[in-house]
Amino acid sequence: MIKIQNHGEEAVKWIIRIAIFAQCLGIARLAFSGSPFGYVMFMEWGWAHEATVEVEYYLGYLLILISISILVYPTRIVAALAAILFFGFSRAAMIDGGEPFSEWLLASHAVRFAAPIALILLLTPWKNSKDEYIGQKTVLWLMIGGLALTFLAHGIQAFLLHPHFVDYIIGSAQTLLQWRVDQSTAELLLRFIGIVDIIVVALLLISSTRQYAASWMIFWGLITALSRMTDVGFHAYYEVLIRFSHFCIPLAIIILTMLFKERNFAEKQPKKAEGIEV
């Protein structure tokens, strides 16, 4: 049982590490070509354009170094730095604005900076098994909370007909299926998708349906991430990388939920045996 628990926790760590690795590379690609970080430095802080470009390049290289470290030898300090940069990117994009629902970005991106925080807790050397159990439980609910916020925000935006989401439906349907979807049909589909997202979030919060909800989120998180490429082309690959947590974290939640169920079942077994003997 202990061996299964150890393997399961290691699998969760690797899934989260892969998500952070991909996000770092995706944001680094943006930093090299102009990102919300640059907007804040140039427009809000009044930096010179040359200085802004130079700092963005440094940030891009820093993110690449973080991605390598997370994959090869993860530490809590590096994971904390990733969390700060992910949050900073979301906050900068929120300040940048220029897109519908930009004021919702911290909620929409919640799972992205929840991932490195979860890794910090998983890398923490706990004093005893009880503290480790509490730490793992905190990791589970941290991931559930981040994922729920992200899907809820996207669900509400979909129901309110986010114009970019409408474009993704029309563009992806044309690219993949050669199906010309008109505006009204795309909007109807989008409202339905929004309702489904909200229902799935509710199911994620219920322990008995959590694994089913998370399974759907893996599928839908991957589909919506890939829709950036199916809409505009392969050059939008970095948008997929940035959204790796949208389908990696649901998988980590499933594994961690199963581990807790196995642990609870194993703990109850001796009590049942003692009851029979009496």
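Predicted model: local features only at pLDDT ≥ 70, side-chain atom pairs only at ≥ 80, totals over all residues.

Visitor: OK, how many salt bridges does the structure hold?
Guide: There are 2 salt bridges in the structure. One of them joins the side chains of R243 and E239, with 2.6 Å from N to O, and the other brings together the side chains of E9 and K13, with 3.8 Å from N to O.

Visitor: Where do E9 and K13 sit relative to each other?
Guide: Both belong to helix α1, which covers residues 2–33, and being 4 residues apart they are separated by about one helical turn.

Visitor: What about R243, buried or exposed?
Guide: R243 counts as buried, at 11% relative accessibility, whereas E239 counts as partly exposed, at 21%. The cut-off matters for that pair, because buried means under 20% relative accessible area.

Visitor: Let's switch to R210. Which helix is it in?
Guide: R210 is found in helix α10, which covers residues 210–232, and at 5% relative accessibility it counts as buried.

Visitor: Which residues is R210 in contact with?
Guide: Leaving aside neighbours within four places in sequence, R210 is in contact with L140, W141, I144, L203, L204, L205, I253 and T257. For L205 there is a further detail, namely that the side chain of R210 reaches the backbone oxygen of L205 at 3.5 Å.

Visitor: Now the aromatics. How many pairs are there?
Guide: The structure holds 15 aromatic pairs. Among them is the pair of W216 and W220, which is stacked, with 5.8 Å from centre to centre and 10° between the planes. Both of these tryptophans lie in helix α10, 4 residues apart, or about one turn of the helix. W216 is partly exposed, with a relative accessible area of 32%, while W220 counts as buried at 17%.

Visitor: Why is the pair of Y237 and Y238 edge-to-face?
Guide: The ring centres of Y237 and Y238 are 6.1 Å apart and their planes are at 85°, so the pair is edge-to-face; the reasoning rests on the cut-off that planes over 60 degrees apart count as edge-to-face. Y237 is partly exposed, with a relative accessible area of 31%, and Y238 is buried, with 15%.

Visitor: Which rings are linked into a cluster?
Guide: Ring pairs link F32, Y57 and Y61 into a cluster.

Visitor: What sits over the ring of W14?
Guide: The charged end of R17 sits over the ring of W14, at 3.8 Å from its centre. In another such arrangement, K137 lies over the face of F260, at 4.3 Å from the ring centre.

Visitor: Last one: where is L161?
Guide: L161 is placed in the loop between α7, residues 129–159, and α8, residues 163–177. Leaving aside neighbours within four places in sequence, L161 is in contact with E187, L190 and R191. As for R191, it is 30 residues from L161 in sequence, and the two are 6.9 Å apart in space, C-alpha to C-alpha.

Conventions: Residues numbered from 1 in each chain as written. Heavy atoms only, no water. Helix = DSSP H or I, 4+ residues; strand = E, 2+ residues; numbered from the N terminus. Contact = heavy atoms within 4.5 Å. Salt bridge = Lys/Arg side-chain N within 4 Å of Asp/Glu carboxyl O. Buried < 20%, exposed > 50% of the residue type's maximum accessible area, 1.4 Å probe, protein only. Polar contact = N/O pair within 3.5 Å; in protein donor to acceptor, adjacent residues only side chain to side chain. Phe/Tyr/Trp six-rings, centres within 6.5 Å; stacked < 30°, edge-to-face > 60°. Lys NZ or Arg CZ within 6 Å of the ring centre and 35° of its normal.
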